[in-house]
Amino acid sequence: MSDMTPAPHIAVSRMEGEAHGVVEKPLTAFDKIYNLNWLRKLVMLIVLAVIWEVYARWLNNALLFPTFAETVEALVEGAASGILVIRAWASIQMLLAGYAIGIMLAGVLTFLAIGTRIGSDFLETMTSIFNPLPAIALLPLAMTWFGLGSGSLIFVLVHSVLWTVALNTHSGFRAVSNTLRMVGQNCSLSGPRLVCMILIPAALPSILTGLKIGWAFAWRTLIAAELVFGVSSGRGGLGWFIYERKNLLDIPDVFAGLLTVIIIGLAIENLVFRKIEEKTVRRWGMQQ
Amino acid sequence: MTAPLLNVKGVTLQYRTQEHVVTATYRVDFDVSRSDRFILLGPSGCGKSTLLKAVGGYLKPTEGKISLNGRQIAAPGPDRMMVFQEFDQLLPWKTVKENVVFALEASRKLRGAAAREKAADAIAKVGLARFADSYPHTLSGGMKQRVAIARGMAMEPDILLMDEPFAALDALTRRKMQDELLALWEGTKFTVLFVTHSIAEAIKVGNRILLLSPHPGRVKARIDDIPYGMAPSAAAALEKEIHNMLFAEEIEEVEHV
């Protein structure tokens with residue numbers, strides 16, 4: 001019967017000549033420029049600055065709303081005289097201390113949580129209790145416990161960092177694929193070696209997200225706390241600077257302080273964290 | 001006949017789900033000799049992957065014994081390297097070469113220059129020398145599986161455990177990978193325990209096949225001495241025979257209705 005089956009006929013096509021159209025075409029100059037992300041945003045910022053300037057001039061009341069030019073002038077003066085730099089540095093120092101302590105505690109908590117069932121229950125319960133509570137809400141309590149000083153600030157900072165970082169790290173660990181764990185075990189990794197060599201790098205996208213959110217929380221919390229009191233041992237931070245200048249009715253300086261807060265926040269988020277992501281998770285294709 | 005390398009004796013495997021204790025395999029026996037290309041073949045639910053994981057040491061039998069070189073298997077170890085089906089078995093934060101080096105160093109088999117040399121050698125064998133410094137996410141599925149095979153071979157395990165390694169690949173790539181695996185085997189004659197649900201793949205890759213029936217997995221038949229590079233007509237006949245064996249019960253059930 002198989003003899004009866006006709007053999008299939010194969011017709012191979014000749015792929016010669018330039019029969020096909022253009023495979024690739026360069027973009028026009030406008031398309032190229034329009035595709036530059038930073039350029040589009042820069043144009044938008046300039047437009048906003050112009051609107052600000054026009055509105056403030058029309059309003060003509062520096063006590064309510066200084067012009068963009070006045071604000072920039074105050075910013076440059078503040079930076080040149082060093083006062084803004086000193087205040088910013090005071091804030092950043094405080095922030096780094098709280099951030100570091102918060103991360104260390106988060107590390108300890110997550111380490112216990114992946115090792116033991118009770119640790120995991122503890123972490124989940126504590127994060128669900130404290131995560132919805134804005135750290136700044138603890139400031140009055142912190143002031144009665146630790147007084148008007150860096151102790152209170154660090155307490156609220158730790159609180160703002162700890163739970164987010166712990167929560168993200170822990171969920172990152174839990175999301176590590178079983179296959180990767182098995183690969184680690186296959187190479188006789190277990191316990192702390194498995195955590196350091198497999199779990200931490202595999203969970204790095206979540207860990208970085210936690211660190212980023214923790215940083216943002218901490219920065220906002222610190223500025224807000226400094227608005228309440230900032231003169232611990234005579235050295236106030238940026239929040240205190242803003243509060244102080246408002247009392248002196250030096251509104252351009254208030255705006256300059258606010259701008260500094262924004263600039264530092266943006267710089268850390270876009271330079272430091274972006275760079276870390278580019279060097280790690282993006283390079284490894286773990287995050288788009 | 002030489003003494004078996006791997007001995008699986010009366011192995012019953014159970015695992016827990018939310019509500020049940022599921023028996024994956026029931027009193028399965030088989031032996032794997034050195035340089036065997038031993039296939040565990042069966043439909044889904046026959047516990048073939050679970051059996052492989054038990055050999056890997058990830059799961060303890062509730063009954064029976066699994067021993068390698070006469071020693072009972074208690075935990076995962078580098079003497080039984082696994083190649084998984086999933087593409088995410090490579091560490092995404094390490095390049096192709098670093099992935100192989102990592103396995104060698106983490107298991108304390110080799111370190112430093114010796115590990116790097118061994119890794120380069122294994123990567124060249126699977127034809128990926130050009131991609132040694134690429135990160136896994138830039139590779140195709142087939143290439144990732146090649147890296148996993150290279151990692152497994154570089155470790156020179158007593159037995160290479162392969163859990164449907166080509167199942168997630170497209171049909172053309174899968175065929176090519178089967179040919180490559182056989183070519184690699186010709187080189188060093190390593191022992192491999194290979195899980196698949198494809199009858200054609202089992203016949204092509206294996207020299208021995210253990211046929212498992214589903215729910216729970218029990219040994220249905222064992223096929224030994226499958227010739228290397230079987231003629232297509234003979235392979236087709238064997239495929240049909242295995243197919244009939246696997247699905248005989250279902251047809252009977254239908255007939256009884």
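Predicted model: local features only at pLDDT ≥ 70, side-chain atom pairs only at ≥ 80, totals over all residues.
**Entry 1. Aromatic pairs**

I began with the rings and found 16 aromatic pairs over all chains. I looked up Tyr99(A) and Trp215(A), which form an edge-to-face pair with 5.2 Å centre to centre and 90° between the planes. I then placed both residues: Tyr99(A) is in helix α4 (residues 83-115) of chain A and Trp215(A) is in helix α10 (residues 204-228) of chain A, so this pair ties together parts that are 116 residues apart in sequence. Are Tyr99(A) and Trp215(A) buried or exposed? I noted both as buried.

Next I took Trp145(A) and Phe155(A), an aromatic pair that is also edge-to-face. I recorded 5.9 Å centre to centre and 80° between the planes for Trp145(A) and Phe155(A). Trp145(A) belongs to helix α6 (residues 139-146) of chain A and Phe155(A) to helix α7 (residues 150-174) of chain A, so here the parts tied together are ten residues apart in sequence. I checked the accessibility of each partner. Trp145(A) counts as exposed because its relative accessibility is 54%, and the cut-off for exposed is over 50%. Phe155(A), at 25% relative accessibility, counts as partly exposed.

I also traced a cluster linked by ring pairs. Its members are Trp52(A), Tyr55(A), Trp58(A), Phe65(A), Phe68(A) and Phe255(A).

**Entry 2. Charges over rings**

In chain A, the charged end of Arg40(A) is over the ring of Tyr34(A), 5.5 Å from the ring's centre.

**Entry 3. Thr110(A)**

I placed Thr110(A) in helix α4 of chain A. Thr110(A) has a relative accessible area of 3%, so I put it down as buried; the cut-off for buried is under 20%. Which residues is Thr110(A) in contact with, leaving aside its neighbours within four places in sequence? I listed Leu123(A), Ala166(A), Thr169(A) and His170(A).

**Entry 4. Chain A against chain B**

I turned to the contact between the chains, which takes 19 residues from chain A and 24 residues from chain B. The area buried between chain A and chain B is about 2000 Å², and carbon and sulfur atoms give 65% of it. On the chain A side, I noted that Met182(A), Asn186(A) and Trp284(A) lose the most area to chain B, together 31% of what that side buries.

I counted zero salt bridges between chain A and chain B. For polar contact, I found eight residue pairs across the interface of chain A and chain B, both residues at pLDDT 80 or more.

I then asked which elements of chain A are involved. Helices α8 (178-186) and α9 (191-202) of chain A each supply at least two residues of the side that touches chain B. Of the chain A side, α8(A) gives the most, with six residues.

**Entry 5. Helix α8(A)**

I went through α8(A) residue by residue and marked Thr179(A), Leu180(A), Met182(A), Val183(A), Gly184(A) and Asn186(A) as buried. What covers the buried residues of α8(A)? I found that the cover includes α9 of chain A, and from chain B it includes α1 (48-56), β6 (80-83) and α4 (141-154). Last, I checked what comes after the helix: α8(A) is followed by Ser188(A), which has a positive phi, near 50°.

Key. Residues numbered from 1 in each chain as written. Chains lettered and ligands numbered in written order. Heavy atoms only, no water. Phe/Tyr/Trp six-rings, centres within 6.5 Å; stacked < 30°, edge-to-face > 60°. Helix = DSSP H or I, 4+ residues; strand = E, 2+ residues; numbered from the N terminus. Buried < 20%, exposed > 50% of the residue type's maximum accessible area, 1.4 Å probe, protein only. Lys NZ or Arg CZ within 6 Å of the ring centre and 35° of its normal. Contact = heavy atoms within 4.5 Å. Buried area = accessible area lost by both parts, 1.4 Å probe. Salt bridge = Lys/Arg side-chain N within 4 Å of Asp/Glu carboxyl O. Polar contact = N/O pair within 3.5 Å; in protein donor to acceptor, adjacent residues only side chain to side chain.
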